[in-house]
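I am opening my notebook on this model and will write down what I looked up, entry by entry. I begin with the order of the elements along the chain and then turn to single residues.

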Amino acid sequence: PISSRPISEVMLDFFVEDNWDYYWWEPGETLQLQCQTKNGRLTCYARAIDDRQQFVFYTLCPFSVSESQRSAIAELITKVNYGMAVGNFELDFADGELRYKTSIDVEGDRLSKALIKQAVYLNVLTIDRYLPVISTVMEGTISVDEAIAQAES
């Protein structure tokens with residue numbers, strides 16, 4: 001039989017066992033976490049949607065995208081997202097928040113810590129890989145296509 005453990009419990013177990021510092025942003029639903037990567041200290045959010053059996057993990061870009069750069073960054077992430085098998089970048093055009101999202105829907109099955117680990121680490125490694133590219137495009141020193149070629153070489 002499929003385990004009926006709430007997504008939020010499995011999520012919390014993973015982050016505790018994996019030694020992440022966290023606090024409940026929205027009690028029982030969303031954890032806020034921090035992680036240090038090669039390219040900076042990042043804020044992350046892990047969200048359990050128990051009634052829909054979904055887990056969502058976001059990592060925020062450590063800087064916001066200025067209004068004048070949003071079109072260029074939108075082009076960049078659209079082109080980068082096109083080839084992504086798992087996860088995607090999202091840009092809030094209203095405030096310039098840029099984040100990377102991975103998610104798992106386990107309706108009819110169960111969520112495991114191994115699945116969470118894959119979603120979390122793929123997420124953090126992907127945004128960390130693209131942070132320098134995002135910065136260079138925002139500085140206007142390189143074209144979107146040149147930036148993508150550098151990141152993916």
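**Entry 1: the order of elements.** I read the protein chain from the N terminus on and noted the order α-β-β-β-β-α-β-β-α-α. That makes 4 helices and 6 strands in the protein chain, where helices (H or I, at least four residues) and strands (E, at least two) are DSSP runs, numbered from the N terminus.

**Entry 2: what kind of model this is.** I must keep in mind that this is a predicted model, in which local features need pLDDT of at least 70 and side-chain atom pairs count only at pLDDT 80 or more, while totals for chains, interfaces and linings use all residues. I also note that residues are numbered from 1 along each chain as its sequence is written, and that side-chain values use heavy atoms, with hydrogens and water left out.

**Entry 3: the chain as a whole.** I looked up the radius of gyration, which is taken over C-alpha atoms, and the globule rule that goes with it, 2.2 Å times the number of residues to the power 0.38. For 153 residues the rule puts a compact globule near 15 Å, and the protein chain has 16 Å, which agrees. Along the principal axes, the C-alpha atoms fill a box of roughly 55 × 30 × 30 Å.

I then asked about the surface. The protein chain exposes about 8,400 Å², and carbon and sulfur atoms supply 48% of it; accessible areas come from the Shrake-Rupley method with a 1.4 Å probe, and for residues only the protein chains shown count as cover. Of the 153 residues in the protein chain, 43% are buried, where buried means under 20% relative accessible area, exposed means over 50%, and partly exposed lies in between (1.4 Å probe, protein chains only).

For contacts, meaning heavy atoms within 4.5 Å, I looked at pairs of residues at least 6 apart in sequence, and 52% of these contacts join residues at least 24 apart.

**Entry 4: the cysteines.** How many disulfides does the structure hold? I found 0 disulfides, a disulfide being a pair of cysteine sulfur atoms within 2.5 Å. Cys 44 is in no disulfide, and its nearest cysteine sulfur, that of Cys 35, is 3.9 Å away. Cys 61 is in no disulfide either, and there the nearest cysteine sulfur is that of Cys 44, 12 Å away. Cys 44 is buried with a relative accessible area of 0%, and Cys 61 is buried with a relative accessible area of 9%.

**Entry 5: Cys 44 and Tyr 58.** Cys 44 lies in strand 3, and Tyr 58 lies in strand 4. Although they are 14 residues apart along the chain, their C-alpha atoms are separated by 5.5 Å. Leaving aside neighbours within four places in sequence, I listed the contacts of Cys 44, among them Trp 20, Leu 31, Cys 35, Phe 57, Tyr 58 and Val 124.

Is Tyr 58 buried or exposed? Tyr 58 counts as buried because its relative accessibility is 15%. Not counting residues up to four places away in sequence, Tyr 58 touches residues including Thr 43, Cys 44, Glu 90, Arg 99 and Asn 123. The C-alpha atoms of Tyr 58 and Ala 46, 12 residues apart along the chain, are separated by 6.5 Å.

**Entry 6: Arg 41.** Arg 41 also lies in strand 3, but at 48% relative accessibility Arg 41 counts as partly exposed. Beyond its neighbours within four places in sequence, Arg 41 is in contact with Gln 34, Cys 35, Gln 36 and Pro 62. Asp 128 is 87 residues from Arg 41 along the chain, and the two C-alpha atoms are separated by 9.8 Å.

**Entry 7: residues in loops.** Asn 19 lies in the loop between helix 1 (7–17) and strand 1 (22–26). Its phi is near 60 degrees, a positive value in a residue other than glycine, and Asn 19 is exposed, with a relative accessible area of 69%. Gln 53, in the loop between strand 3 (40–49) and strand 4 (54–60), has a positive phi of about 55 degrees although it is not a glycine. At 27% relative accessibility, Gln 53 counts as partly exposed.
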